[in-house]
Amino acid sequence: MSQQGKPTDIAMPQLAESLVSATIAKWLKQPGDPVDQYEPICEVITDKVNAEIPSVMEGIMGELLAAEGQEVAVGEIICRIHVEGEAPADPPQATQPTVPASPSTPQAAQPTVAASSAPTPQRTDAPSASGAMAGRYSPAVQTLAGQHGLDLSLIQGTGAGGRVTRRDVLKAVENGSAVAGSAPAANQQQAATSTQPAPSFAAQTPSATDYAVRNSGIHLSETPAIPKIELEQSESAPGRGEHMIDVTPLRNAIARNMRQSVSEIPHAWTMIEVDVTNLVMLRNKLKDEFKRSEGITLTYLPFLIKAVVNAIKDYPIVNSVWAVDKIIVKRDINVSLAVGTEDSVMTPVIQRADQKNIAGLAHEIDDLARRTRDGKLKLDDMQGGTFTVNNTGSFGSVLSYPIINYPQAAILTFESIVKRPVVINDMIGVRSMVNLCMSLDHRILDGVISGRFLQRVKDNLEGYSMDTKLY
């Protein structure tokens, strides 16, 4: 279509009150691609989290004014979008930034929706006034439906006013429904058996059963994610087998915070061994019913966090920070949860963890971990942490020395649960044992208070029984 007006400028939004800039990590849309309203157009990196920038309108992606890896100030124009009837006939490919993507954030292949030779499906029924929005289809939706031979009139829209979105079309593609010319409800089953299944957009990933993981622990249930890094050979030393990896803003922020923690905080370290046999039996008893009723997996972590926050109530000095001439003890117990991704470690915060039961903590953990790995965290999710917990046992570790999450006073790791022979009343029995490792700020905490705190966490963990309630 010909250009009939000026394109709309899209600016870098204010993602948080204190944010003044962000770095373009990856463009999810290229010039000429159709864009739905609220559909992500790019990923950005800040000092704390990765985020997606959604489109404020529906149209066709125009010129990209910021390159991948470029830092952009809040309010600065990053791209332009042409609304319906204003898109240029040829995408402005020549105006795309040529700065290469950062090797540590490789550009993933994006499926390009090209113009299809298949006829664009049209509604044959005249929509009523109340269903006018439901009868309108964007060019992106029409093109996608035409590629897969779908009848848009058979798709239930979930957009504003019942409008069909690209997400609705992709769902219909995955389900193999809404095929043009399909029979009514009585004959849909027969039509489905004679129609070739539509291709799915879901990536084909190996299941956990494809990997043979050997471990002595009993809760290493996930195959660890392997970083996908594109290596770039050094021009100064070709053929030497040395490669250069650009440091992303997020990795640079992690390095800065770790260096500050180690250089400013005098770290001390202590460990205690805990018998969690009763906890293992309790979780095995409850996990299946919890999965059916709550829809999420019941891990050991909510039990640990509950034990930790109850111990902090008894020893509130652990929940503090160093302020040069004073020690500030925090009233709220906000637990930072260390979550590892393929290329970073984030610490989203469970706010007021002491006010939540075990089931509530399980939901908070699942939500924060999922949004961390999906890059959906907000800056507010990273603020206000007072004590950090890390489940290093999830990848088989039995002993670790964690670095304190500056400026907190301590960090605790929950190692892998391992069955060991243990002496009980001069007899040997097989018990489920776990190590708790804690690093502490020796300006605030001494060995006596740290040992008593860990002993209280141990007592709380060993105090779980088959009668413990989740709610």
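Two strands pair if DSSP finds at least two bridges between them. Strands (E, at least two residues) are DSSP runs, numbered from the N terminus. This is a predicted model: local features need pLDDT of at least 70, side-chain atom pairs count only at pLDDT 80 or more, and totals for chains, interfaces and linings use all residues. Residues are numbered from 1 along each chain as its sequence is written, and side-chain values use heavy atoms, with hydrogens and water left out.

**View A. An open sheet of four strands.** The strand order is β1-β8-β6-β3, with antiparallel pairing. β1 (8–11) and β3 (34–35) are the edge strands, each pairing on one side only. Four bridges join β1 to β8 (residues 77–83) in the antiparallel sense. Thr8 has Ile81 of β8 as its bridge partner.

**View B. The aromatic pair Trp269 and Tyr401.** Rings of Phe, Tyr and Trp (its six-membered ring) pair if their centres lie within 6.5 Å; planes under 30 degrees apart count as stacked, over 60 as edge-to-face and the rest as tilted. The count by this rule is three aromatic pairs. The ring centres of Trp269 and Tyr401 are 6.4 Å apart and the planes stand at 75°, so this pair is edge-to-face. Trp269 lies in strand β11 (residues 267–275) and Tyr401 in the loop between β17 (387–390) and β18 (410–414), so the pair ties together parts that are 132 residues apart in sequence.

**View C. Arg283 over Tyr300.** The charged end of Arg283 sits over the Tyr300 ring, 4.6 Å from its centre. The rule requires CZ of Arg, or NZ of Lys, within 6 Å of the ring centre and within 35 degrees of the ring normal.
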